[in-house]
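Visitor: I have a new structure to look at and would like to talk it through with someone. Could you take me around it, one place at a time?

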Amino acid sequence: MLPEYFEFSLPTKLVYGAGIIGNIEKAVARFGKKRALLVTDAILAGAGPVDKVKNGFKNTDIEIVSVFDNVPPNSTIKTVQECAAQGIANNCDMLIAVGGGSVIDTAKVANLVMKKGGKVEDHMGAYLLETSELLFPSIIIPTTAGTGSEVTKVAVIADPDNDVKLPFAEEQFLPQLAILDPELTLSLPGKLTASTGMDALVHAIEAYVDKEWSPASDALALHAIKLISDNILIACAKPQDIEARGAMLVGSFLAGVAFSHSMVGMVHGISHALGGVYHIPHGLANALILPEVMEYNLESRLDRFADIAITMGISFPEIITDSQSIIKTGKFDLLSKLVEKTELKSLQQAVDSGSSAVKEFAVKKLDSLGFVDQWVRKKAAYAGVDKIRTLNRQLAFLTGIPLNLKDAGIKDNLAKLDQVADTAMEDGSMLYNPVEPKKSDVIEIIKAAYYRKDKPLKVSDEDLKSRTARTGEKAIKGVFKDGDDLYDILVGFYELLKSDAELGPALSKTGLCVQFVYKNPSATITIDATGEELKIVAGDFDGKPEVTMTMDADFAHKFWHGKANLVSALTRRLVVAKGNVPKTLKLLPVLKPAYKLYPQYLKDKGLHDIIMA
Ligand code: NAD
């Protein structure tokens, strides 16, 4: 099924990689010379991520001329106004946000005020800017894996005098560049890893069940659900696990793109109100409200909630549908085997005949049992809600997050319940909820989350086993001491290939002339198979190579171990290929055997310490 209409766009360029912040020169080159205002908060300014970002920008044309590090959690209109004033006073023409949603949203709205002037409140609303109106270019570097704000068109800023959170939405909030570096999230404490991670999960789940769903947001939301539910416990139990941190950051980004298109629903409506009235942190409020609202919405989107459960690893059999599909796709012998031992000779013969009439008859008969699968799907959908409750309890065990709104900081016995419900009912997110919310239902949901008596649940080793593929390899840096060392090792290796009984003739057969230009340290080696004799030339080369590959020397080392992804390296410009590149496909038969030879060659040379595991 498809919706009648949907839109999708993402003008933001995004780069991902562990430690990538130390290597951003190419990614930011297109901005040219800029005077940037770096927006962050005091904790981040002291915790390491900001220093890493500043270092990363040192060798670029972007000068960080001013740092605003005064953003509080749940940023306020006063903070945004001060931030914008600092940007204007320092003649900044770019913003770099380094932080969680509070910092990112501050930078987004400050940019609006810097460009358009006036007060923060003047800009509240949705899509007030003409499409032709531009803001200052921005780079967003998230340090929490939660809001996905680096790829959303919205910002939420608190107005503490009126106990509300104000929404802002502009296409121009989307930054030109988002940098996702999981190393910058390693310092995020357990409680915040848990609550911000659950925030991202809520984004993905609400995007998938909302009224504004689309095939594009569905695809992103489901993969986000998988990445987050597979990794959130690991990220909390092993905070330095870079793979789990990376998966969380990517999950948060995918969820952000998904909900930026299909919007969020009642969980957010209520948690925005809880944030405004009781100042409950956004992610935590979301985590506690999520299972209650899932239950509330469940019957209206049964199939979608079952999909979510399956994505989170809950498996259940669809006996009838599976049997029908087996019959339709011709695997009829299974059924035949089933009736083999029965006394019903005529049934067995009919089945054995495999005729289409018999197949149709069998499929139709099973149709009447379709309710069995529907019943099982419903059970699975409810199991998905249980899974979320279990996840919250496990996160409480690992990090100490509270498991009800009372422990989350509501100290007045819910005296402002009516105000929270009224505020929630006015929240824009409510419009997108699959079920039209009633105030009385909102009150019941808040009460349920307030009085819940769940206890923390121990996490087993099995729970902490990764279900996401890992790269599992350590980077090696500075392998070759200098150019001479490189020539000694790599020329020696190419000579070995040349003298190999199989690879030598295979290389000659390519008829190619390929030149490798190495950097760090610098060296040039050409493999010339155009003449009678295969030549390996170190340094200057007289002829004209058909293809020149320029790359970091460390990359070449990784490549010859068979551990480098050449396609991704070309995309990242780690390898620049000039000339008739498709011709290098002729080298393919040589590569795999060469990967095997390289570690052995290093071993024979006594270079054990540079062999990659
Ligand atoms: P946050 O930005 O409020 O940060 C929470 C705390 O974590 C802060 O004290 C911060 O200093 C600390 N922190 C962040 N990164 C850290 C790191 N790497 N190491 C150590 N400490 C770190 O939290 P958040 O959940 O990312 O953002 C919440 C805000 O985002 C709320 O205002 C919410 O309304 C808003 N939000 C915006 C969007 C959007 O699309 N614009 C979506 C969801 C939520």
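Visitor: Which helix does Asp 218 lie in?

Guide: Asp 218 lies in helix H7, where helices (H or I, at least four residues) and strands (E, at least two) are DSSP runs, numbered from the N terminus. This is a predicted model, in which local features need pLDDT of at least 70, side-chain atom pairs count only at pLDDT 80 or more, and totals for chains, interfaces and linings use all residues. Residues are numbered from 1 along each chain as its sequence is written, and side-chain values use heavy atoms, with hydrogens and water left out.

Visitor: And is Asp 218 buried or exposed?

Guide: Asp 218 counts as buried, because its relative accessibility is 11%, and buried means under 20% relative accessible area, exposed over 50%, partly exposed in between (1.4 Å probe, protein chains only).

Visitor: What does Asp 218 touch?

Guide: Not counting residues up to four places away in sequence, Asp 218 touches Tyr 208, Trp 213 and Arg 304, with contact meaning heavy atoms within 4.5 Å.

Visitor: Let's go to the largest nonpolar core; which members touch the most others?

Guide: That core has 82 residues, and Met 198, Ile 205, Ile 270, Leu 274, Ile 289 and Leu 405 touch the most other members. A nonpolar core is a set of buried Ala, Val, Leu, Ile, Met, Phe, Trp, Tyr and Cys residues joined through side-chain atoms within 4.5 Å. Helix H7 (residues 215–237) gives the most to this core, with 11 residues.

Visitor: Why does the core lie between domain 1 and domain 2?

Guide: It lies between them because domain 1 (13–187) and domain 2 (188–318 + 362–472) both give residues to it; the domain bounds come from an automatic or database domain assignment.

Visitor: What is Met 198 in contact with?

Guide: Leaving aside its neighbours within four places in sequence, Met 198 is in contact with Ile 232, Ala 287, Leu 290, Ile 388, Leu 391, Asn 392 and Leu 395. Apart from this core lies another one, of 40 residues, including Leu 486, Leu 534, Phe 555 and Tyr 598.

Visitor: New topic: how many residues surround the ligand?

Guide: The ligand is surrounded by 30 residues, and the closest are Asp 41, Gly 101, Ser 102, Thr 143 and Thr 152, where a residue is near a molecule or strand if one of its heavy atoms lies within 4 Å of it.

Visitor: Now the strands: how many residues of E10 are buried?

Guide: Strand E10 (residues 513–519) is mostly covered, with 5 of its 7 residues buried.

Visitor: What does E10 pair with?

Guide: Strands E10 and E11 (residues 523–528) run antiparallel and are joined by 6 bridges, and E10 also pairs with strand E13 (residues 547–552) in the parallel sense over 6 bridges. Two strands pair if DSSP finds at least two bridges between them. Cys 513 has Asp 528 in E11 as its bridge partner, and Val 514 stands opposite Val 547 in E13.

Visitor: What joins Asn 520 and Pro 521?

Guide: They are joined by a cis peptide bond, with omega about -5 degrees, and Pro 521 has its place in the loop between E10 and E11. The hairpin of these two strands has 3 residues between them, and there Asn 520 takes a positive phi near 55 degrees. Most residues other than glycine have a negative phi, and most peptide bonds are trans.

Visitor: Where is Asn 74 found?

Guide: Asn 74 is found in the loop between strand E3 (62–68) and helix H4 (77–89), and its phi is near 55 degrees, a positive value in a residue other than glycine.
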